Every structure is written in C-alpha cells, then in structure tokens.
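Subject: Structure handover

Hello,

Here is the structure for you to look over. My notes on what turned up follow below it.

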Amino acid sequence: MTDRIHAHSFGTASGASDVAHGWPALLAGLMGTTFVNTAHGGDMVGDQYRLVQGISYSAGDRTFLDLGLNDHGWNGVSTAGLASFKDQFLALAGWCAFPLKRKANTLGNETGSWGSVGLPGSFARSANSDGATKTDTCTGTVHLLAVLLVDNGYGGSYQILRNGTVYGSYDSNAPVSTYNSAGAYPYGVRLHVITGCTPGDTITLKKVSGNIYYEWSADNNQPFWPKVYATNVVHSILYDRTAIPGFKVTSEANADAYSGVIADSLSLLSSAGAQTYLANVAAVFNPAIHCHADGLHANDLGHAVEANCIHGVV
C-alpha cells in the first residue's frame, strides 16, 4: 500500500513556519503513514497529471489531490479555462481511481494511418489521416476514453462512436499551458466517461480533422479500487495575481466554480464505482485567519485546518 500526494505549493508546506507544520506532515502524523509527495510550487493539474502517468496502482493505495488554486489564478475568470480544468481534473482523478487501464500503444484495432507521439514517456497514438479510427471493446457498464488536448489553434475535431453510431462530436483545442511548463508541453487531456454500456459494446475514436491523439481507456469492472481524496479551492485574500508572471485577476466566485468542478468530477467517477472522496477544506478555511501574510498561501493554522479536514474524511 502506498499513500501519495499530488499538489501545488500547499503540499510543500509553503506558508507554514516549517515543513513539520505543513498539512502533509500533519496528516501523515494523524494517519500514521509516510507519503510519496510530488507537490511542487506553482503546479497545476496538467503538471501533476504528467507525473502520475508512470504510476501503477495496487490494492489499498490512497491518493490525495490538492490542486486548483494555481489553475484558477493562471486562467483567471475564463469559461474556456474552467472547461479545460474540468477536462484535466477529471482525467487526473480518473487515472488515479481506475487502476486497470489500456494504454493506446498497447491497443490494436486501428484503421487508417496512426503513429506514435514524440513526447517523453508518452504512450498516446496519433491519428495521421482523416477518417482514421481506433476501437476498444467495453468490459463493463461505464467506459473511460482519454484524448489529448492541444493548445488553441493546433487541435482538431473528432467523433466518438458507440457500436458504430455517433455518440458525440468534439474538438481537441484547449488552453492547456501551465505556469511551470508554458510553451514546453502544450498538451492536456480530456476524459470521456461513457455510461450505459454493455460488455461487448465497441467504442471508437474517429479523427475528422487536425491533430487527434488517443491516450488510454478503462472500464468500471476493476479488480480493486484505490481510494482518491481531493480537496477543493480555498478562498484567499490575494485575488489580483498579476504580479506573478502569467497569472491574472481571479475572484472568490471563480474559486467556487473550480471547487464545483472538483466535486462534480469526483461524483461522476464515484457513480461509476470509483472510491473518490471530497475533503471540503474551503468550508473550514477562513482566509482572514488561515492565510499567510502573502494573502495566498496557508499559515500554520491553515495547514492544520486542511490536515484535520482531510483526516476527517479518511
């Protein structure tokens, strides 16, 4: 059994008087565990998603996600930014919650021209001709299909077909750059959760035009379910973050919208059988008391509040 943390700077104890007063250390003490912690200052969902792709999960594993604070600051009040966060948070939580996945480079059933994706550690497959298809067969009642997104203007359009009938039409354009990887890795991910399936149904990704990449798929007949816990986005004092390169003006309402996406994503995965849980830290975090003097990070009291909230859910 392994306990992991994927987080922004709160996960590095930023704002606390020392590492021992950060929420990861406090939670480890409450739980009697040791964490594998990949938290990094400035990280957004896209940054941490790239790290989890090398993880294989075992029965009893627990994952703790503390993300969204930088996403809503980087995106600002933006419908497109919120939609991209929704796609990517669902994909991150889904990757952690569904241990048995089929990576694109291990799946056959391709028509048309396909190729490998030249990204470090990538297992995606690129549809190189219009009309190219890649088909998987359902083994459960809910099917997950992950598709890479590309920075605006470089994506394309695709369809998903169930048993040969169009299930939906989509585009792969999205604002997916992040504070820590802007311009270096212009790829995000969208997770489609297809419900009402019957074992034996076929799910096909069909390229219509542009750049389309199939990444992975999964079904809800998993051999076991790792547990995934996620916090939501706490309120801050500092909402004009333009002093940080690339960041924008955001708001409490925008933070709440991102928290709503997190809650909805966990609920959707839970309805498919996953063991996903929300720690509503935003409800108990008072920025007037729990924020560091910088108006953004948590102080010792704030880190303690977060640790106790998560522990209460665990």
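Helices (H or I, at least four residues) and strands (E, at least two) are DSSP runs, numbered from the N terminus. This is a predicted model, with residues numbered from 1 along each chain as its sequence is written. Local features need pLDDT of at least 70, side-chain atom pairs count only at pLDDT 80 or more, totals for chains, interfaces and linings use all residues, and side-chain values use heavy atoms, with hydrogens and water left out.

The pocket

A pocket is an open set of points on a 1 Å grid over the protein atoms alone, where a 1.4 Å probe fits, with protein on both sides within 12 Å along at least five of seven lines; lining residues have an atom within 4 Å of a point. The largest pocket holds about 260 Å³ of space. It has 14 lining residues, and Ala83, Lys86, Asp87, Arg190 and Leu191 are the closest to its centre. Helix α4 (79–97) and strand β12 (187–194) each supply at least two lining residues. α4 gives the most, with six. By class, the lining has eight nonpolar, three polar and three charged residues. Here Ala, Val, Leu, Ile, Met, Phe, Trp, Tyr, Cys and Pro are nonpolar, Asp, Glu, Lys and Arg are charged, and the others, Gly among them, are polar.

The cores

A nonpolar core is a set of buried Ala, Val, Leu, Ile, Met, Phe, Trp, Tyr and Cys residues joined through side-chain atoms within 4.5 Å. Buried means under 20% relative accessible area (1.4 Å probe, protein chains only). The largest core has 67 residues; Phe64, Phe89, Phe98 and Trp216 have the most contacts inside it. α4 gives the most to this core, with nine residues. Apart from it lies another core of 16 residues, including Leu107, Ala127, Tyr158 and Ile194.

Asp219 is in strand β14 (residues 212–219). It counts as buried because its relative accessibility is 1%. Its side chain makes a polar contact (N or O atoms within 3.5 Å, one able to donate a hydrogen and the other to accept it) with the side chain of Thr139, at 3.2 Å. Asp219 also touches (heavy atoms within 4.5 Å) Phe98, Arg102 and His143, among others.

His303 is in helix α7 (residues 300–313). His303 is at 0% relative accessibility, so it counts as buried. Among the residues it touches are Phe10, His21, Trp23 and Ala298. The C-alpha atoms of His303 and Gly94 are separated by 26 Å.

Best wishes

Definitions and conventions
Points joined across faces, edges and corners; volume = space filled by probe spheres on them. Buried < 20%, exposed > 50% of the residue type's maximum accessible area, 1.4 Å probe, protein only. Lists of a residue's contacts leave out its neighbours within four places in sequence.
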